[in-house]
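Follow the account below with the model open alongside. It takes a few residues in turn, then a helix pair, and then the chain as a whole.

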Number of protein chains: 2
Amino acid sequence: MRPYAGLVQARPYHHGHLRETLLEAALEAIRESGPGGWSLRDLARRAGVSHAAPAHHFGDKRGLLTAIAADGFRGLSEALEAAWRASGSFLEVGVAYVGFAITHRAHFEVMYRPDLLRRDDPALAAARQASANRLYGSMQDAAAADPAFDALHGAIAAWSLVHGLATLWLSGNLPSALGDDPEAAARAVLRYLFQPLPKGWRGA
Amino acid sequence: MRPYAGLVQARPYHHGHLRETLLEAALEAIRESGPGGWSLRDLARRAGVSHAAPAHHFGDKRGLLTAIAADGFRGLSEALEAAWRASGSFLEVGVAYVGFAITHRAHFEVMYRPDLLRRDDPALAAARQASANRLYGSMQDAAAADPAFDALHGAIAAWSLVHGLATLWLSGNLPSALGDDPEAAARAVLRYLFQPLPKGWRGA
DNA sequence: CCGTGAACTTGTCAATGGCAAGATGCGACC
DNA sequence: GGTCGCATCTTGCCATTGACAAGTTCACGG
């Protein structure tokens, strides 16, 4: 009546930590072939369980990717907070954004992809909000110190720059002359934010 | 011996402009559900042909998306060139980049996605190079006019900013306070590139 | 011991990508 | 006119996938 109980088996019926195993397998799969180059059945095979087991934990692939994105935003939030506390510099917060994107490529590839995610997921929404607060928080000083400074547009300029840099870096679209240290590159590029135009240069 | 010739039929056996029809259908499908939310069989059905017909023109979905990306780079190249000729302003070239991304969303969503494309496609490589030349071209003046200006990092700062802004805009990640005119938003944000830091502001 | 519920397995079906053989029709050539 | 080659399609097959549902296992509480 209990075929599992009577067999010599490699592992018990219950995996025990399948959710974590699937998340890890998904991160690996994303690193190998992006968010789209694998199936839930692939993951199930990697985890050594039957093809429908992942559905219990995440519902479907969208649910799995949403969990990964939420983890990603939490990690990003912590990285930004740490950079702010260590340096008090919004530029170093920007560098930390790029650094996080590069070191957590699989998470980052998913986090800003609404087509892949459940936008109404409460954990995702909360994690996103927390990281946005960290991003914009370093701009509140600017608004307080100089009423002529537009915090909204300044913050979006900074975010756009680091987000664009990370995205272009990860997709291999930047010239190799930029080098292979993303944080050094981010610092060199961020220097041009809030810097004067070159002498004699039209453009503004 | 000729079943087609003897039937009353809605159209001839040969579609006549199936390649263009498929490209149009793909752009529409991307607008509806991104590059991943549809199949080649979907497209074949939209075009009124059999499921395997698209394979003749593009090989597979990757080939189709590669053709779309190449068209996208060509369109972007033209838009950047037009902005440069009209204004002589690298900032307006940046605004044109954002404007193109928003008005050609389907193309843009594909263009910087190496996971979806054939990187070794000659037409794609040529179109990418042409648009990169237009992007960086407006920075050559800077290097010539001020030897202290680093054209590489300055150009990447500008590109990262507009690319990040377009990407965040298209994925619905920017605050609604930014408004709904992408070019106005781009101008407001680009003002912070090469602008002095606010008075009394730490951060550099 | 029994019932419940979480965590799994097995099975089925429609849709898909990939591949290959078959069909259509036009132009060039004899 | 007939034939051939080729571009452009259609049909058919098969392995894989997502989605769904029924079935099984096992730990815990009453």
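This is a predicted model. A place to start is B:I102, which lies in helix 6 of chain B, the helix that covers residues 90–103.

Staying in chain B, turn to helix 9, residues 151–170, where B:A151 is found. With a relative accessibility of 17%, B:A151 counts as buried, because the class takes in values under 20%. Between B:A151 and B:G137 there are 14 residues along the chain, and their C-alpha atoms are separated by 10.0 Å.

Helix 9 of chain A also spans residues 151–170, and A:S160 belongs to it. Which residues does A:S160 touch, apart from its neighbours within four places in sequence? They are B:S160, B:L161, B:G164, B:L165 and B:L168.

Next comes a helix pair within chain A. Helix 6 (residues 90–103) and helix 10 (residues 182–190) of chain A pack with their axes 9 Å apart, at an angle of about 145 degrees. The crossing of helix 6 of chain A with helix 10 of chain A is right-handed. On the side of helix 6 of chain A, the contact is made by A:L91, A:E92, A:G94, A:V95, A:V98, A:G99 and A:I102. Helix 10 of chain A contributes A:P182, A:E183, A:A186, A:R187 and A:L190. Sorted by type, the residues of this contact between helix 6 and helix 10 of chain A comprise seven nonpolar, two polar and three charged.

A further residue of chain A to look at is A:H107, placed in helix 7 of chain A. A:H107 has a relative accessibility of 14%, which means that it counts as buried. Beyond neighbours within four places in sequence, A:H107 is in contact with A:L27, A:I68, A:D71 and A:G72.

Now consider chain A as a whole. How many helices and strands does chain A have? There are 10 helices and zero strands, and the pattern read along the sequence is α-α-α-α-α-α-α-α-α-α. Chain A has 204 residues, of which 49% count as buried. Among the contacts in chain A with a separation of 6 or more, 67% are accounted for by residues 24 or more positions apart.

Finally, the confidence of the prediction. The mean pLDDT of chain A is 86, and 84% of the residues score at least 70. Where in chain A is confidence lowest, and where is it highest? The lowest mean, 46, is in helix 1 (residues 3–6) of chain A, and the highest, 97, is in helix 7 (residues 105–111) of chain A. Over residues 196–204 of chain A the pLDDT is below 50, and this stretch has 25 contacts in the model beyond near neighbours in sequence.

Technical notes. Residues are numbered from 1 along each chain as its sequence is written. Chains are lettered from A and ligands numbered from 1 in the order in which they are written. This is a predicted model: local features need pLDDT of at least 70, side-chain atom pairs count only at pLDDT 80 or more; totals for chains, interfaces and linings use all residues. Side-chain values use heavy atoms; hydrogens and water are left out. pLDDT is the predictor's confidence in each residue, from 0 to 100. Helices (H or I, at least four residues) and strands (E, at least two) are DSSP runs, numbered from the N terminus. Contact means heavy atoms within 4.5 Å. Axes are lines fitted to C-alpha atoms, for helices over the stretch in contact, and angles run from 0 to 180 degrees between N-to-C directions. A crossing is left-handed if the near helix is turned anticlockwise from the far one by less than a right angle, and right-handed if clockwise. Ala, Val, Leu, Ile, Met, Phe, Trp, Tyr, Cys and Pro count as nonpolar, Asp, Glu, Lys and Arg as charged, and the others, Gly among them, as polar. Buried means under 20% relative accessible area, exposed over 50%, partly exposed in between (1.4 Å probe, protein chains only).
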